[in-house]
Amino acid sequence: MISELQAWLPRLDAVIERLGIASGPVDFQIVDADTLYELAAYGFPGQLPHWTHGRDYWDQKRALERGRGRLYEMIVNTEPPQAYLLDGNTRAAQQLVMAHCYGHAYIFRRHSAFADGWKSTPADLLWARERVRAYTAEYGAEAVEAVLDAALPWQWYVEEDAPDTPAPKSGGRLAGPYDRLFAAPPSRKAALGERVPKYRWPTRDILGFVARHSPVLEDWERDLCDLVRRQALYLRPQRGTKMIHEGFAAWANQHALLDPEIGLSDADQVEAARIWAQVVRRDPVDLNPYALGWELYEWLIRVHGAAAAREIWLTETDASVIRNYVTAETVRDLKLYAYQWESAPYDNVEDARVVEASWEAIRDALANAVASPIVPIELTGLLPQGGLRLEVRTHEYSLDRAQATTAVRGLALLWGGPVVLQQPAGGAAIQESGR
Amino acid sequence: MSSVVRHTAPPRIGQQDRQRYLRLVRDQLKQRLPHVVGDAPILTGPADQRVAIPLPGGGLTLPQLVPGKTQERPTGMGQGPAGPGDVVARRPGPISGNGAGTGRGGGHVDHVVDLTIAEIHELMREDLRLPRLRPRPRADADASALVWNSRSRHGGLSQVDVKASLLGAIQRAAVTGQPPYLTDDVLRYHSWSERPRPKTSAVLYVLRDVSGSMSREKVYLSLAAANYVLAHLSATYPTMPVHLWAHHEDAMEVDEAEWKHLNSAGGTRIAPAYDAIRAHMDLHYPPDGWNRYLLHLSDGDVEDPEEARAALVAWMPALALAGIVLTQPIRQAPHIGLGRVMAGLGAPVRVVEIHTRTQIIEAMRTLLADDEEDEA
């Protein structure tokens, strides 16, 4: 089949070019099912070893065995993007999936969220597995796992390195981009011990701060925390653009396969259309990012024109495109609704019943549902005893206390001292001593 | 550079993580084992049947920093042709009474693992940490095993003993001076002899009190106890038949689904149930050929403790074990404790009480402990 697909590729390339979504080559690799499920569980080949990936692997495998959620492909954001295709796919499925991957590749290369990110999996992340293996050999699996278990809940609380200089004091010169060049030499007082924080307070780089400044972590433990942090920075753009990605890729493969020059036999066209229809099926109770993304993109093209829609799609994230562009008409045309689970009066079952809601409420709920937003938490300073003070920066809700307490306990262990998480929205502060 | 399509086999990296996850699942499952009494036919189902067991409390997720659940009903977003008031999906209601797990991470998402019934039994046995049951040789061990250790002058071609036949031909040739022909009279055939073997067949009768006094929690404890007993016995008797009986004033044999959920109003009498089971046992599993196990699950609130005692005393010599599990027995007059009446009977009758879920394992250890330990 490989030679057939290779021979067919130039036709696909030409069609992709005509659609205006050619961004460069893709490395298509055909792999067996176990390999594909393993890659999907890890997200990318250099992922840190951790038991949660083992869990994800079994979950996906079980879903497959029960005929749910078949995985056709997986694509990794490298240069060129590496697309892994399941070797059990029919020829029509492979052709559909290859067109789909060109859609993903276009987003990887053209979307603003990926513009500043790494364009290939960095070598040091690929080496991460080896380092973790070495730490495991030297310090034991339990010790390594304890650090990773404590650090991973905080993996999305990371930022690119902030400038080292503290914020300029008020009353001084106007802050400008070149001020650092002319900064006065540190005063003797500062050199003698007035602690100049490396971080501007507040910072969202909680994990980075702990990794660098924890007084109790060994070097290898710092390294583990830093690996978690850098990995999260690499994966973060994808986290916020799932619907953007899948919607665009679904749009791309639909239009590519509709092109008269694509050269699929009638039978393959029917098979590809069948798969595509399954992929973009609307889900009554669980939003399908493929369906929602594809329909929303088509709707933007209809309303704003193709060029504007493309521009929107390449600059917005899942949450922002919904908040900025979904209107009453979108909610009506895409048949979006909110529902509530309620117990039915018989047979111990629950019904999902559609509720009355304004289009604005539906829009906001939709943005939250697709984006799985990160609760805004910042590190706002040190406590007098050397503990960490964190604050939830939202008044809309308080945290799930049981889970947050476990997460804070892990962070306190990494910090080696007390950690306090303040909640403004009526929730009591969560405090762990770190012992 | 243009796109390429190729076969690859990237190095597999996940073996260790998968094994580690499975070990964590095992640890979690052990905490959960007393509660594995759901609707699946764990007692009578085939050993290779797969059963899904939910691990509540999300012991296998890392904690997440997410908004807390509000008192409002859970909501979601969907897409499709539906208007306000329409029902777009239906799911089973929340299951109550399963107890919350505590564990790693403190996440809250239910996690479901698939296991075969044989694997569940294996885990339960590990949990009990009891010596493996030894098959009991019986005095009248007349069953025989066939052992292929003999030779015969008659048999089929497939049973020809080549070595013995050649030896016979060579010996005859040496005596007669003729070439060593393999004629019919020198051919020897593999044959067998019979050897007495101790009897090890076993049968388990589980009798459950379904009278009105058996509350939901008592039923729960009963089902858990039955699972453990079966797990223990099935190690020695993998194909052991299990008969499920229910009784209130009368007794009847029922299938597993019915047995788990049956509930009836009215009084409780045991003696008729014992008599009925004894008759059934004698008919199908005569005492000289079978190790007969009886497990009786009740809260001890019965009308005929003395009659029951008499019935059991008469029956005792023909039983390998009569386990009486009293779930949350009532100790106040006028309920005469069945436990007190039965306790003094001695082997093979053993009586245990279970009041809370945490006592299940210890009670099972007492019930199933090795004979020698018991005698010592």
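Which residue follows helix 3 of chain B, and is its phi positive or negative? Gly177(B) does, with a positive phi near 80 degrees.

This is a predicted model, where local features need pLDDT of at least 70, side-chain atom pairs count only at pLDDT 80 or more, and totals for chains, interfaces and linings use all residues. Residues are numbered from 1 along each chain as written, chains are lettered from A in the order written, and side-chain values use heavy atoms, without hydrogens or water.

**View 1. Helix 3 of chain B, residues 162–176.** Helices here are DSSP runs (H or I, at least four residues), and strands are runs of E (at least two), numbered from the N terminus. Ala164(B), Ser165(B), Ala169(B) and Ala173(B) are buried (under 20% relative accessible area, 1.4 Å probe, protein chains only).

**View 2. An open sheet of 6 strands in chain B.** The order runs 10-9-8-11-12-13, with mixed pairing; strands pair if DSSP finds at least two bridges between them. Strand 10 (251–253) and strand 13 (349–354) sit at the edges with a single partner strand each, so one side of each has no neighbour in the sheet. Strands 8 and 9 pair in the parallel sense over 6 bridges, and Leu204(B) stands opposite Val242(B) in strand 9.

**View 3. The largest nonpolar core, with 111 residues.** Such a core joins buried Ala, Val, Leu, Ile, Met, Phe, Trp, Tyr and Cys residues through side-chain atoms within 4.5 Å. Trp154(A), Ile377(A), Leu204(B) and Met364(B) touch the most other members. Helix 4 (residues 216–236) of chain B gives the most, 11 residues.

How values were computed:
Buried means under 20% relative accessible area, exposed over 50%, partly exposed in between (1.4 Å probe, protein chains only). The expected span of a helix is 1.5 Å times one less than its number of residues.
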